[in-house]
Amino acid sequence: DSFEGVDLMVFPNPDTDFTVSECEAIERYLARGGACLFFPQSKETRGQSEPPNLNFVLEGHGIACNDDTVLRTVYQRGYAHPTEACISDGVVNRGVSDAVAAKRSDGNGCVSFAYPRGCTLNVQQPGVAILSSGYVSFPVNRPVGAICEGPSGSRICTLGSSEMFTDNWLDKENNWDLCQILISWLLGNDSFKLNSIDSAEPDISDYAHIPDTSCSALQPKSVSYTHLTLPTKRIV
């Protein structure tokens, strides 16, 4: 197999569909205990083009990417665009926050991360949500990072922002600490231990759909018209 001896496969920002043979090759690699890191495209990054079929690979592992973009709803110094979010309440599994705190010299357990131009995820078992959009971003408190460990020892991590660990954002907030522990976990190390309670019942909100106001405004609308008889009596 072409992936023989590969410890970690990274799929940054895929913009074309995976073929059937490529999907089968990835599944064979995972069945041998491989590890994959996926960075899907958000709607903001992709523009008007159709999303690739990355969910075809991920859904069998309890993870799916949404066709949306996380927006910051409050001002944050150093973040120029609303699609550049600073999330300070987005770690939904205490095992991750404890691991990040252990790497920090001050031992502070408060973990924040920069999340530029990223999408949200849908997560169900066997997937486990570890990061969310928090309560000051929209969509509110939806998964943006998830992991899955298979019975063969395979490990998968999906992060909704393809720019989160790039040079421009790696030194922002606790992105570097998160990068270290996630890469270490994917390579087979126990860099963090998931909290079982948070894994079973993560603090995640339901996905709230809102109407497309601009599109609705362009649609013709019917009006029920009733003839009204005006009063004839003059009022002096």
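This is a predicted model: local features need pLDDT of at least 70, side-chain atom pairs count only at pLDDT 80 or more; totals for chains, interfaces and linings use all residues.
Residues are numbered from 1 along each chain as its sequence is written, and side-chain values use heavy atoms, with hydrogens and water left out. Local features need pLDDT of at least 70 and side-chain atom pairs count only at pLDDT 80 or more, while totals for chains, interfaces and linings use all residues.

The largest nonpolar core has 29 residues. Such a core is a set of buried Ala, Val, Leu, Ile, Met, Phe, Trp, Tyr and Cys residues joined through side-chain atoms within 4.5 Å. Buried means under 20% relative accessible area, exposed over 50%, and partly exposed in between (1.4 Å probe, protein chains only). F165 and L178 have the most contacts inside this core. Elements giving two or more residues to it include strand 2 (35–39), helix 4 (94–103), strand 8 (128–132) and helix 5 (175–186). Helices (H or I, at least four residues) and strands (E, at least two) are DSSP runs, numbered from the N terminus. Helix 5 supplies the largest share of the core, six residues. Beyond its neighbours within four places in sequence, L178 is in contact (heavy atoms within 4.5 Å) with V96, V100, F113, L131, M164 and F165. Another core, of 19 residues, lies apart from this one; M9, L30, C36 and V57 are among its members.

Helix 4 has buried residues at G95, V96, S97, A99, V100 and A101. Its buried residues pack against strand 8 and helix 5. At the start of helix 4, a side-chain oxygen of N93 comes to within 3.0 Å of the backbone nitrogen of G95.

The second largest pocket has a volume of about 160 Å³. On a 1 Å grid over the protein atoms alone, a pocket is an open set of points where a 1.4 Å probe fits, with protein on both sides within 12 Å along at least five of seven lines; lining residues have an atom within 4 Å of a point. Grid points are joined across faces, edges and corners, and the volume is the space filled by probe spheres set on the points. The lining includes P14, P40, R46, N53, C65 and D67. By class, it has six nonpolar, four polar and two charged residues. Here Ala, Val, Leu, Ile, Met, Phe, Trp, Tyr, Cys and Pro count as nonpolar, Asp, Glu, Lys and Arg as charged, and the others, Gly among them, as polar.

T83 sits in the loop between strand 4 (71–72) and strand 5 (84–87). T83 counts as buried because its relative accessible area is 2%. Its side chain makes a polar contact with the side chain of H81 at 2.8 Å. Such a contact is a pair of N or O atoms within 3.5 Å; within protein, one must be able to donate a hydrogen and the other to accept it, and residues adjacent in sequence count only if both atoms are side-chain atoms.

Two cis peptide bonds occur in loops. One joins Q125 and P126, with omega about 10°; P126 is in the loop between strand 7 (121–123) and strand 8. Another joins F138 and P139, with omega about 0°. P139 lies between strand 9 (137–138) and strand 10, in a loop. N141 occupies the loop between strand 9 and strand 10. N141 has a positive phi of about 50° although it is not a glycine. N141 is buried, at 1% relative accessibility. S205 touches N141, as well as Y135, V140 and R142. S205 is partly exposed, at 24%.
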